[in-house]
Amino acid sequence: MVSDARQSTRLSGLPAAPGVAVAPAWRYVDDAARPHGPSMEPSGDPRTALEESGREAARQLDVLAERLREAGRADEAEILGAQALMATDQTLIGAAVDRVRAGQDLRAAIVAAAAASAETIAAVDDPLLAARAADVRDVGARIARILSGSALDLPTVPSIAVASDLPPSVTAEVPKGRLVGIALEGGSPTAHAAILARGLGIPAVVGVAGLIGALEHELAAGGAPFEVALDGDRGEVVLRPGADVRVELATRAAAALLRRNRAAPLRGRPGATADGEPVALLANIGTPDEADRALASGAEGVGLFRTEFLFMGRHAAPSEEAQVEAYRAVFEVFGSERQVVVRLADIGGDKAIPYLDLPAEANPFLGVRAIRIARRSPELLLTQLRAISRAGALAGVQPHVMAPMIATHEDVALFLALRDEAQASLAAESLPHAPRLVCGIMIEVPSAVFLARELAREVEFFSIGTNDLTQYLFAADRTNPELTRYHDALHPAVLRAIAEIVAAAHASAIPVAVCGELAGDPAGALVLVGLGVDELSADAGSLDDVRFALAGVTRSELDELARSGLAAGDAATVRRLAGEVCERALARAAVTEAPG
Ligand code: PEP
Ligand code: MG
């Protein structure tokens with residue numbers, strides 16, 4: 001933390017969503033963490049009061065889910081939908097009623113019941129549900145607010161949220177235009193708060209160590225309100241920025257706006273470097289609803305369709321027919337000329353699917369996740385492969401399918417055997433299906449990096465999952481905010497792994513894509529292309545910037561960037577080098593593309 005003479009406090013975190021903002025701070029505090037006001041004695045039956053408030057919370061969450069769905073954020077909408085179910089859950093309400101009968105006031109009772117349920121979920125129950133713990137707490141806080149007749153203390157002017165964490169339900173509730181930046185002490189660039197911020201185009205910095213302490217200090221020292229400046233490209237947060245910081249950020253904001261406006265005309269063109277080397281730019285999507293937005297952003301296809309979202313927030317797996325419709329919808333948006341890569345459900349880790357009855361595990365990220373589930377329940381992926389093949393036939397396209405978490409040859413063999421079985425069963429039933437599924441694998445487990453040369457002979461493409469590859473290379477849980485220092489995929493250790501994967505893929509003449517979050521970071525994208533990656537797949541909202549940066553840089557500059565990145569000693573050095581090349585590229589592309 002650095003304080004200058006004018007009392008500005010500069011903090012650094014991780015860039016999570018691009019753009020800059022200067023606006024008053026809006027401190028969001030989880031209601032469950034607030035000291036409680038005057039006690040609320042139930043005037044009637046506590047169960048009735050809690051049930052009514054639970055229903056109102058569910059109604060609010062459904063409205064917010066719809067808002068997110070309309071904004072093309074179907075995966076976060078699913079989370080809110082699941083929260084709406086929690087709000088009327090009789091076990092939760094019953095636990096709160098018991099607490100009221102034991103003497104607690106209504107509001108404290110629901111907050112405590114939700115906290116206890118969250119603790120149970122996180123610690124004892126199925127660890128795959130751990131990610132839901134924060135969602136339950138958030139539901140408890142919402143019901144408590146409804147009980148006390150108080151609303152969320154939303155910003156009244158365009159503001160920057162400063163918080164430990166920001167649940168998707170809160171982000172969705174802030175009226176459009178009032179949330180212009182997000183600074184979080186917790187979180188990571190791959191956490192939901194960050195993914196949602198990127199999707200909504202709100203600049204964000206996460207993992208800002210000391211943020212809340214510094215905020216408290218500023219409030220105590222200078223009173224409220226005060227402003228915050230934030231740079232989501234560089235991962236900087238400045239509390240009470242002085243005139244110099246404002247000018248610096250305003251200049252950067254103007255440049256970014258100019259760049260975005262200038263980037264828009266490039267949208268219709270395929271990704272390529274300044275000297276014409278093609279780099280396919282594809283979109284990551286989580287649900288069929290996102291396909292139209294992805295196509296409108298100029299995506300040349302879908303490089304990662306995270307199908308596990310189809311399995312979440314439900315009571316049972318979607319039927320084969322429902323899946324056929326979901327895949328077909330995406331295939332039809334992109335047609336037969338643009339590839340759509342459907343990833344088999346990556347269930348496990350932090351993605352909870354309660355109805356699958358998976359066993360409790362001490363380390364879910366190291367457990368029965370993704371392709372590993374097929375050994376226990378082959379029918380899950382078999383049904384999915386059948387649905388993908390049938391959807392391909394109906395839409396008249398050749399589907400690409402990839403398996404996540406491949407660690408060994410046996411994993412590849414399992415995947416390909418399931419593919420063969422799915423195709424054979426469809427043929428036996430005379431059901432129309434794609435004549436062939438193009439099969440690839442995700443490289444995101446370190447063992448696969450070392451096996452990449454042989455694995456490349458067994459499949460038709462690689463897609464590197466830099467989110468997991470980074471987590472597994474550094475043995476640092478990607479959801480643990482205390483470990484954000486290990487989460488930067490631009491670390492030379494990760495780059496060296498990527499270089500090896502690229503060499504292995506190219507030795508067998510198969511293409512290699514990157515579909516982790518690094519592909520959507522313009523500076524990161526330049527490093528990846530420098531390393532020889534053929535395709536980048538990222539959130540649709542990032543594609544303009546990546547396309548624009550690529551248009552301003554030549555192959556030899558990228559080769560040089562990759563060389564110095566591989567030789568660097570730490571991630572910060574690579575970020576600085578890549579940031580410099582990226583800024584030059586953007587400025588150059590802006591001149592090249594300027595009208596007239
Ligand atoms: C990755 O691990 O980089 C990836 C793209 O997959 P996910 O984030 O869904 O695990
Ligand atoms: Mg992954």
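In this predicted model, the largest nonpolar core holds 113 residues, of which Tyr327, Phe415, Ile441, Phe462, Leu526 and Leu536 touch the most other members. A nonpolar core is a set of buried Ala, Val, Leu, Ile, Met, Phe, Trp, Tyr and Cys residues joined through side-chain atoms within 4.5 Å; buried means under 20% relative accessible area, exposed over 50%, and partly exposed in between, with a 1.4 Å probe and protein chains only. Helix α19 (residues 492-507) gives the largest share of this core, eight residues. Helices (H or I, at least four residues) and strands (E, at least two) are DSSP runs numbered from the N terminus. Another core, of 33 residues, lies apart from the largest one and includes Ala58, Leu61, Ala113 and Ile121.

The model is predicted: local features need pLDDT of at least 70 and side-chain atom pairs count only at pLDDT 80 or more, whereas totals for chains, interfaces and linings use all residues. Residues are numbered from 1 along each chain as its sequence is written, chains are lettered from A and ligands numbered from 1 in the order in which they are written, and side-chain values use heavy atoms, with hydrogens and water left out.

Not counting residues up to four places away in sequence, Tyr327 touches Phe305, Thr307, Leu310, Val342, Gln384, Ala387, Ile388 and Ala391, where contact means heavy atoms within 4.5 Å. Three aromatic pairs were counted, under the rule that rings of Phe, Tyr and Trp (its six-membered ring) pair if their centres lie within 6.5 Å, with planes under 30 degrees apart stacked, over 60 edge-to-face and the rest tilted. The pair of Trp26 and Tyr28 is tilted, because the ring centres are 6.0 Å apart and the planes stand at 45°. Trp26 is buried at a relative accessible area of 7%, and Tyr28 is buried at 6%. Phe305 and Tyr327 form an edge-to-face pair, 6.0 Å centre to centre with 80° between the planes. Phe305 belongs to strand β11 (residues 302-306) and Tyr327 to helix α12 (residues 320-334), so this pair ties together parts that are 22 residues apart in sequence. Both residues, Phe305 and Tyr327, are buried.

The magnesium ion (ligand 2) is coordinated by Glu444 (OE) and Asp468 (OD) at 2.0 to 2.2 Å. Glu444 lies in the loop between β14 (438-443) and α16 (446-450) and Asp468 in helix α18 (residues 466-473), so the two tie together parts that are 24 residues apart in sequence. Donors are N, O and S atoms within 2.8 Å of the metal (3.2 Å for Na, K and Ca); water is not among the atoms, so sites may look incomplete. Both Glu444 and Asp468 are buried.
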